[in-house]
Amino acid sequence: MKEFNIKSLLRPHIATLKPYSSARDEYSGEAGVFLDANENPVGSVNGGDYNRYPDPLQKALKEKLAELKQVQAANIFFGNGSDEAIDLLFRAFARPGIDNVVILQPTYGMYEVSAGINDIEVRTANLSKTFQLNAEAILKVVDENTKMIFVCSPNNPTGNLMDSVLVEDILNEFTGLVVVDEAYIDFADSESFTKKLLQFPNLVVLQTLSKAWGLAALRCGIAFASVEIIAILNKIKPPYNIGRHTQQTALKALHKEDAKKAMVKEIVRQRGLLSDELSRLKTVKHIYPSDANFLLVKVDNAKAIYNFLLESKIVVRDRSRVVLCDECLRITVGTAEENRNLLESLKAYPNLANR
Ligand SMILES: *Cc1c(COP(=O)(O)O)cnc(C)c1O
């Protein structure tokens, strides 16, 4: 592996920044009279236990997740959605107007948006025809100011896992951060890159409670990385970025991993059934293999079918204007009933009979 130096990667003003020190940072003990944070001592107007500021470092939540994921709590960061972790990575490591990041198209749109907000140049390398990493294309666009490469695996919107050997090649060759976004990892039959944190100091793994755990409304994203990188994210995050209600609800969820696994199993089963049924429709030209909870489906006229489905109040995602995704719709796997509705509508699509 090439030399990786977190200090030279970090923006200089972040290295010297003196972070906000909250009341709960300075004293977090159990007992005592808390007259340090200007909270309301009486209670919350709507009842519930919300008058005190929450744990800024979400200790209980991290301990439980560390146990589930077999990592150390010090390797975990919680954000207000993965979006917050992505934004903080930009703010910590990429200098506006100078540095760049590399994204591998077609991929999740938020990396580019977050780069734009932070005035960071985005360089793109296309995935291969089979939507795999193309090391040559990536190396062509990387230069000395490239701070991060975003690898989404399983990838959105293509649905496939990236070849882990190729991901490791990038981790070995690239001296910046490799951000592996595993939002859909629970739906894949594959080991998480969290298992490789000790091996690669330049690895950041993103996961989320938004998909498999069924908690999109909660806004709880996770970054796993070295202790050094996590310390940097903690230094620049808003002090109380995860509310008490979110911490409590997320902790409750983490105690129900079996329920998550059962939901994932059912969604994966529905994915197979939906794929089989879709493949019988004449209008469907190709269904890409999926390791996620959605299918990328090539149809004969994506825009027309998208609009036709909307008339039946069924919303899918039209990805036909995205690189390498001509005439493709991205369809989330729904419940058995939702999938049946979708299939019935598609069968009624004008002039298109079953094979
Ligand atoms: C859905 C999704 C996320 C999750 O984002 P949150 O902000 O945690 O809800 C992250 N990455 C990808 C690629 C996704 O598709």
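Cys220 sits at 0% relative accessibility and so counts as buried, the cut-offs being under 20% relative accessible area for buried, over 50% for exposed and partly exposed in between, with a 1.4 Å probe and protein chains only. The model behind this is a predicted one, in which local features need pLDDT of at least 70 and side-chain atom pairs count only at pLDDT 80 or more, while totals for chains, interfaces and linings use all residues. Residues are numbered from 1 along each chain as its sequence is written, and side-chain values use heavy atoms, with hydrogens and water left out.

A disulfide is a covalent bond between the sulfur atoms of two cysteines. Here a disulfide is taken as a pair of cysteine sulfur atoms within 2.5 Å, and the count by this rule is zero. For Cys220, the closest cysteine sulfur belongs to Cys152 and lies 18 Å away, too far for a bond. Cys325 has its closest cysteine sulfur in Cys328, at 5.1 Å, and that is again too far for a bond. Like Cys220, Cys325 is buried, at a relative accessible area of 0%.

Next come the helix pairs. Two packed helices are described by the angle between their axes and the distance between the axes. Helices (H or I, at least four residues) and strands (E, at least two) are DSSP runs, numbered from the N terminus. Axes are lines fitted to C-alpha atoms, for helices over the stretch in contact, and angles run from 0 to 180 degrees between N-to-C directions.

Helix H4 (residues 59-69) packs with helix H10 (residues 244-254) at an angle of about 25 degrees, the axes being 9 Å apart. That angle makes H4 roughly parallel to H10; the label goes to angles under 35 degrees, with over 145 roughly antiparallel, 65 to 115 roughly perpendicular and the rest oblique. The H4 and H10 crossing is left-handed, meaning that the near helix is turned anticlockwise from the far one by less than a right angle, clockwise being right-handed. On the H4 side, Ala60, Leu61, Lys64, Leu65 and Leu68 meet Gln247, Ala250, Leu251 and Leu254 of H10, where contact means heavy atoms within 4.5 Å. Seven of these residues are nonpolar, one is polar and one is charged. For these classes, Ala, Val, Leu, Ile, Met, Phe, Trp, Tyr, Cys and Pro count as nonpolar, Asp, Glu, Lys and Arg as charged, and the others, Gly among them, as polar.

Helix H10 residue Ala250 also turns up among the contacts of Leu218, together with Thr246 and Thr249, leaving aside residues up to four places away in sequence. Leu218 is in the loop between strand S6 (203-208) and strand S7 (221-224) and is buried at 16% relative accessible area. Its C-alpha atom is 8.4 Å from that of Asn80, 138 residues apart along the chain.

The axes of helix H5 (residues 82-93) and helix H9 (residues 227-236) come within 10 Å and cross at roughly 95 degrees, so H5 and H9 are roughly perpendicular to each other. Leu88, Leu89, Arg91, Ala92 and Phe93 of H5 meet Ile232, Leu233 and Ile236 of H9, a contact with seven nonpolar residues, no polar and one charged. Also in H9 is Glu228, partly exposed at 47% relative accessible area. Glu228 and Ile6 are 222 residues apart in sequence, yet 7.8 Å apart from C-alpha to C-alpha.
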